[in-house]
Amino acid sequence: MEEQVLGLLIGGLFGAGLILGGLADPDKIIGTLRLKDFHAMRTIAVFVLVGMLGTWMLGQAGLAHPSVKPASLVAVTLGGALLGIGFGLTGYCPGTGLACAAAGRLDALVTVIGMFLGALVFILIHPWAVVPIDKILAKGKVTLPDYTGTKPWMWVAGFCGIGGLILWISGRFGKKAADSSATARP
Amino acid sequence: MPENSVPKAPLPWWAAGLLLGIVQILAVGLSGPLGVSTQFVVVEGVALNKVAPSYVEQHTLLQSEKYQKIGYGFWLDVGIVLGAFLAAVLAGRWRPRATTYWWRVSHGPTVGKRLLAGFIGGFLILMGARFAHGCTSGQFASGWAQLSLSVVPFTVSLFLFGMITALLAYPRTPNIDA
């Protein structure tokens, strides 16, 4: 019961945030992948950095409920490629696909139906295709600090620096793109 | 003309990122990091267990407890649908439609092709997400939040293939409201 309430509450906030933040908007996603519209890129950068800082602080306080994914390097790279192709073709991913279908987008609903077929085929090929690939270069459920024997704060600080740089550069590019499109209009 | 250009998101980028980051912190603090794609397999695993229990019993993945349990992760996905619906209605963004500005400017009013691309894309999205043990939420956003090793190759591969595909699929750029 508690799981149900928590899931609905956090999921509800997440779905609302995806819509209001413009990530559940395939035009914003494609604009970012084409490096023409930096709204989604900047939103994602802040999302990731705030989540990283908060998770690190919760971890320091012993209050985090972590769930680190296994680093099977070949499976993760292959999966990222397939997901990337679908992402670049549609502008959707699993979470934003659900959110966009709920916002009246018929193409997103069809994408969600495609996702259910993808899940079914994944189940069917899992025993002979997924299991062996998952065993190649399998490093286990490990974090970057664990793997390298370094302190988490160093990674958090470094990624905040990289994230800040992405925000700064995309801010400058965004301005330039806006200026040139403004002058291009009659 | 606003109808012919990609509209701005309801929230500015910093507020949107802050809101989503706080949701991630709530998730990690209260139950577990955000994730979406596992539940597509869970729903089918539970359904298959009803119609073909002998298949599920000998299946390496589906027989595990995680894939037979409707719990936090499932309700999180249901919450996404409800929250997105409410937010879209309240923000005046709920509108029936079947294509996008980027699609129209490259492919014209070809709704059928857009739907076909959507279906194929959805198939690849979920298949890829499960191979990678997570999608843009569970592997990418939550992976960075937890500094997981797997997030590095995943991110490079996701955006490399995403950018190449977007360049091929959407060669022309629409007007974008700044």
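Colleague: Hi! Which side chain does D25(A) meet in a salt bridge?

Modeller: Hello! The partner of D25(A) is R105(A), with 3.6 Å from N to O. Keep in mind as we go that this is a predicted model.

Colleague: Nice. How many salt bridges are there over all chains?

Modeller: A search of the whole structure gives four. Two salt bridges are found across the interface of chain B and chain A.

Colleague: Can you show me one of those? Which residue of chain A does R114(B) meet?

Modeller: R114(B) pairs with D107(A) through their side chains, at 2.8 Å from N to O.

Colleague: And polar contacts, how many residue pairs are counted between chain B and chain A?

Modeller: The count is 32 residue pairs in polar contact, with both residues at pLDDT 80 or more.

Colleague: Which parts of chain B touch chain A, then?

Modeller: Quite a list! The elements that give two or more residues are α1 (13-30), α2, α4, α5 (101-107), α6, α7, α8 (151-169) and β2 (175-176) of chain B. The largest share on that side comes from α1(B), with 17 residues.

Colleague: What classes of residue are on that side of chain B?

Modeller: The side of chain B that touches chain A has 79 nonpolar residues, along with 34 polar and 10 charged ones.

Colleague: How many residues from each chain take part in the contact?

Modeller: Chain A brings 116 residues and chain B brings 123. The area buried between the two chains is about 10,500 Å², and carbon and sulfur atoms give 76% of that area.

Colleague: Let me step back to the chains themselves. How many helices and strands are in chain A?

Modeller: Chain A has eight helices and zero strands. From the N terminus on, the elements read α-α-α-α-α-α-α-α. The C-alpha atoms of chain A fill a box of roughly 60 × 40 × 40 Å along the principal axes.

Colleague: What about chain B, which elements are in there?

Modeller: Chain B has eight helices and two strands.

Colleague: New topic: pockets! What is the volume of the largest pocket?

Modeller: The largest pocket has a volume of about 1,000 Å³. Its lining is made of 39 residues, and those that lie nearest the centre are S67(A), K69(A), T38(B), K66(B) and Y67(B).

Colleague: Which elements line that pocket?

Modeller: Those giving two or more residues are α6 (106-134) of chain A, plus α2 (38-51), α4 (72-90), α6 (111-131) and α7 (136-145) of chain B. The largest share, five residues, is from α6(A).

Colleague: And by class, what is the lining of the largest pocket like?

Modeller: There are 16 nonpolar, 14 polar and nine charged residues in the lining of the largest pocket.

Colleague: How many cavities of 30 Å³ or more are there?

Modeller: The search finds one. About 160 Å³ of space lies in the largest cavity.

Colleague: Which residues lie nearest the centre of that cavity?

Modeller: They are L23(A), I44(A), F47(A), C93(A) and T136(B), out of a lining of 15 residues. At least two lining residues each come from α1, α3 (39-60) and α5 of chain A and from α7 of chain B. The largest share is four residues, from α7(B).

Colleague: Last one: how many residues of the cavity lining are charged, and how many nonpolar?

Modeller: The lining of the largest cavity has no charged residues, 11 nonpolar ones and four polar ones.

Notes:
Residues numbered from 1 in each chain as written. Chains lettered and ligands numbered in written order. Predicted model: local features only at pLDDT ≥ 70, side-chain atom pairs only at ≥ 80, totals over all residues. Heavy atoms only, no water. 1 Å grid on protein atoms, 1.4 Å probe; cavity = no way out; pocket = protein on both sides within 12 Å on 5 of 7 lines; lining within 4 Å. Points joined across faces, edges and corners; volume = space filled by probe spheres on them. Nonpolar A, V, L, I, M, F, W, Y, C, P; charged D, E, K, R; others polar. Contact = heavy atoms within 4.5 Å. Buried area = accessible area lost by both parts, 1.4 Å probe. Polar contact = N/O pair within 3.5 Å; in protein donor to acceptor, adjacent residues only side chain to side chain.
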